Amino acid sequence: MDTLTRMRAFIDVVDAQGFSAAARKVGRSKALLSKYVRELEDELGALLLNRTTRQFSLTESGNTYYRTASEILKEIDSLSDLVRENNTDLKGRLKISAPRTFVDAEIGQSLIDFGREHPELSLEIVSDDRFVDLVEEGFDVAIRITRLEDSGLIARKLDDFSLKMCVTPEFLERVGEIKHPSDLARLPCIIDTNGRSHNNWRFVDPASGAGFSVPVSGHIEVNSPIAAVRAATTGLGVAQVPEFIARSKIAEGTLVAVLDEYLPTDRGIYAIYPHRRYLPAKVRTLVDFLHSWFRKNSQTDALRNSV
């Protein structure tokens, strides 16, 4: 039994002026309270209570201990109340990590919409392409575009994620049809250095499901998919970028997508957070909001594309 339990039993007995009265008040047996107080005295090596069948009084040590222990328990109870309040109240600060690709794209509006809906919360949105350590660096939530791997973190999928291979119609007229990923080895490609594959682009055989990679090269390297789309739009080569970055350019016909059937589909957009137990209300509210936002906007896009 821990010291706090024994300490609380001792204070209950003193406040009630006896073991029997304390037992009735806190709903524990007199024998159990007596056991806790005796263990506390053994732990301290000091007698705290003078107790006989007719008398009950504090010793000098017991009086000193009671005053200090009462203040300690008040502080502990106040701290617990404060934490519970913060855990259920939509106030305070939310520190969010998200890739630059996410923040700068149209889907970054999801975080802005959340901030508009919850002005009582202060959002600190840190745009960073590295995988931050949520616990070590004090982040409440991270948005990640990735293949989900086993970890001690909790993940909730917000939306599917897919890549697009983009070129201009004029580029295709000049170089001919791109039928297979191996064709890319002879074509100028725009390298987004943010991608893990860099100069080896990953594909999946649609017949067997086996993965393979193709080495690519080109005279343009950037660390931004938005810049890669811009370069592809000027006809400088083939760009491999997130679908949500290229969506508008493909819809208006400025770019066309090639090799769709060879692109992997094993990644998603996830909200990652450290713990599920006692999850703060502000974190749960953010994750629920983002999940609903993506579902609503995905349905809107699907309807728009079907027209």
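This note walks through the main features of the structure in numbered points.

1. A word on the basis. This is a predicted model, where local features need pLDDT of at least 70, side-chain atom pairs count only at pLDDT 80 or more, and totals for chains, interfaces and linings use all residues. Residues are numbered from 1 along each chain as its sequence is written, and side-chain values use heavy atoms, with hydrogens and water left out.

2. The overall inventory. The protein chain has eleven helices and 14 strands (DSSP runs numbered from the N terminus: helices are H or I of at least four residues, strands are E of at least two). Of its 307 residues, 38% are buried (buried is under 20% relative accessible area, exposed over 50%, partly exposed in between, with a 1.4 Å probe and protein chains only). Among contacts between residues at least 6 apart in sequence, 72% join residues at least 24 apart; contact means heavy atoms within 4.5 Å.

3. The five-stranded sheet. This open sheet has the order S11-S8-S12-S7-S13 and mixed pairing (two strands pair if DSSP finds at least two bridges between them). Strands S11 (217-222) and S13 (256-258) are at the edges with a single partner strand each, so one side of each is left without a neighbour in the sheet. On average, neighbouring strands are turned by 40° against each other, direction ignored.

4. Pairing inside the sheet. Four bridges link S8 (residues 188-192) with S11 in the parallel sense, and proline 188 is opposite serine 217 in S11. S8 also pairs with S12 in the parallel sense, over two bridges; here cysteine 189 faces valine 238 in S12. S7 and S12 run antiparallel and are joined by four bridges, with lysine 164 opposite valine 241 in S12.

5. Helix H9 (residues 225-233) lies across S7 (163-167), S8, S11 and S12 (238-242), at about 145° to S12. Helix H10 (residues 243-251) also packs on the sheet, where it touches S7, S12 and S13, and its direction makes about 120° with that of S12. For these angles, axes are lines fitted to C-alpha atoms, for helices over the stretch in contact, and values run from 0 to 180 degrees between N-to-C directions.

6. The cores. The largest nonpolar core has 40 residues, and Phe102, Ile107, Ile143, Phe244, Ile269 and Leu286 have the most contacts inside it. Such a core is a set of buried Ala, Val, Leu, Ile, Met, Phe, Trp, Tyr and Cys residues joined through side-chain atoms within 4.5 Å. Helix H11 (residues 281-306) gives the most to this core, with seven residues. Leaving aside neighbours within four places in sequence, leucine 286 contacts Leu94, Ile96, Leu111, Phe114 and Val141. A second, separate core of 19 residues includes Met7, Leu33, Leu40 and Leu49.

7. Two backbone spots worth a glance. Most residues other than glycine have a negative phi. Glutamine 17, not a glycine, has a positive phi of about 60°; this residue is in the loop between H1 and helix H2 (19-26) and counts as exposed at 57% relative accessibility. Leucine 259, also not a glycine, has a positive phi of about 60°. Leucine 259 is in the loop between S13 and strand S14 (268-273) and is buried, with a relative accessible area of 4%.
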